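This report describes one protein chain for a reader who has the sequence and the coordinates at hand. Please keep both in view while reading.

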Amino acid sequence: MRARLKDLPVLLAIVLINLAAWMATKLIYDYATYSVVLNSLERVRNLQVQVNPQSQVIVAVIDTGIDETHPELKEHLWKNLGEVGYDSKGRLKSENGIDDDGNGFKDDVHGWDFTSSTSEVEDHHGHGTHIAGLVVGVSQFQVQQIADNSKIKLMVLKYYDPRRLNRDAADNTAKAIRYAVDNGAHIINYSSGGAEPSESERQAILYALKQNVLIVAAAGNDGLKLGTSKFYPASYRLPNVLSVANSDKNFNPVKSSNYSERFVDVAAYGHRLDSTLPHGKRGYMTGTSQATAVVSWMAAHLISSHPFQGNFVWVRNVLKNSGRLAKSWQGRTETGRVALPENLKLAIKNLNKPQKNL
Ligand SMILES: [Ca+2]
Ligand SMILES: [Ca+2]
């Protein structure tokens, strides 16, 4: 039935009421949408401020390789997930001779040997296996302070093999640093160095700096003051290199350790430390190499125990400044401190306390 003319005001009223109802609904809906967006933004903002502690911390150990079968180390080996499991032809990705994850390296499950350009990372020296043990906290004094080291994973990068001399070690180091950065290492442990600078090594460290990766490096074992004497990478004095001197457990400098108020950041225990050795053994070694590995272990715990700021500067500063002040180290490192796990634990506890709004 068609509407008559006299019904027009009623019809108009109905239309107006419906229009008002639609607008009100839209406004409510828009406000609800707006609230959802606001809440989402707030959540994202909070996430940016509070990144959860890492479920695992990957430390790239640039050294002489590792005993992959050592009972104290095998559970700590980093796994490149793109090179495990089976390929489409049913072959093991770890052994098929194919670069399954396309990172430029074939079958690199635990890391890479830059001396032979293969994924074979066996340690024919012993140094790398000892350092790897300290990075995952196997030494007696480490276990006494922090027993659970299960979150620390080792990316094994071999830059030196005593069976292959005349290879450019610094060039291998540079390649290893780039591999570590590209494949997700949080920290790079470099318990080595040399008196000559290398432009390729320096460029690789700058590459790590851009990607926020910390390099913990040895101060060297010449018993010299760094300055006129050089030991690289410490002597590059780059902001993402934390250089470490060797202290005995009475907080005295070990005579063989290099030192400098300007080129060495901090000291750590590195004197007669027990750790893993090839063929499933254990043994003692001394040096700034060992002290460096202890600091990398502490850096890994810091990253795994506290909402990570994603910034090497923060990690470096906490490690440098939370150590114990020691008179015998005044003027011998920048901080005059010895980095100790007990002090780091205290620092983490304070960092994790709820912050009051000022
Ligand atoms: Ca690969
Ligand atoms: Ca493969």
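## Confidence of the model

The structure is a predicted model. Its chain has an average pLDDT of 88, and 84% of the residues score at least 70.

Over residues 1–5 pLDDT stays under 50, and the model has one contact beyond four places in sequence for them. Residues 27–50 likewise stay under 50, again with one contact beyond four places in sequence. Where pLDDT is low, the predicted coordinates should not be read in detail.

## Overall make-up

The chain contains eight helices and eleven strands. Of its 358 residues, 44% count as buried. Among contacts between residues at least 6 apart in sequence, 72% join residues at least 24 apart.

## Helix 2 and helix 6

Two packed helices are described by the angle between their axes and the distance between the axes. For helix 2 (residues 127–135) and helix 6 (residues 288–305), the axes come within 7 Å and cross at roughly 35°. The crossing is right-handed.

On the helix 2 side, the contact is made by His127, Ile131, Leu134 and Val135; these meet Ser289, Gln290, Ala293, Val294, Ser296 and Trp297 of helix 6. By class, this contact comprises six nonpolar and four polar residues, with no charged ones.

## Helix 4

Helix 4 covers residues 169–182; at 1.5 Å a residue its 14 residues should span 20 Å, and this agrees with the 20 Å between its end C-alpha atoms. After the helix comes glycine 184, which has a positive phi, near 95°.

Buried residues of helix 4 include Ala170, Asn172, Ala176, Ile177 and Tyr179. The packing partners of its buried residues are strand 1 (57–63), strand 2 (111–113), strand 3 (152–158), strand 4 (187–190) and helix 5 (199–210).

## Glycine 65

Glycine 65 lies in the loop between strand 1 and strand 2. Is glycine 65 buried or exposed? Glycine 65 counts as buried because 28 C-beta neighbours lie inside 10 Å, and the cut-off for a buried residue is 20 or more.

Beyond its neighbours within four places in sequence, glycine 65 is in contact with Asp113, Val121, Glu122, Asp123, His124, Gly128, Val156 and Lys158. The C-alpha atoms of glycine 65 and tryptophan 112 are separated by 8.9 Å, although these residues are 47 apart along the chain.

Key
Residues are numbered from 1 along each chain as its sequence is written. Chains are lettered from A and ligands numbered from 1 in the order in which they are written. This is a predicted model: local features need pLDDT of at least 70, side-chain atom pairs count only at pLDDT 80 or more; totals for chains, interfaces and linings use all residues. pLDDT is the predictor's confidence in each residue, from 0 to 100. Two residues are in contact if their C-beta atoms, placed from the backbone, lie within 7 Å. Axes are lines fitted to C-alpha atoms, for helices over the stretch in contact, and angles run from 0 to 180 degrees between N-to-C directions. Helices (H or I, at least four residues) and strands (E, at least two) are DSSP runs, numbered from the N terminus. A crossing is left-handed if the near helix is turned anticlockwise from the far one by less than a right angle, and right-handed if clockwise. Ala, Val, Leu, Ile, Met, Phe, Trp, Tyr, Cys and Pro count as nonpolar, Asp, Glu, Lys and Arg as charged, and the others, Gly among them, as polar. The expected span of a helix is 1.5 Å times one less than its number of residues. A residue is buried if 20 or more other C-beta atoms lie within 10 Å of its own, exposed if 12 or fewer, and partly exposed in between; C-beta atoms are placed from the backbone.
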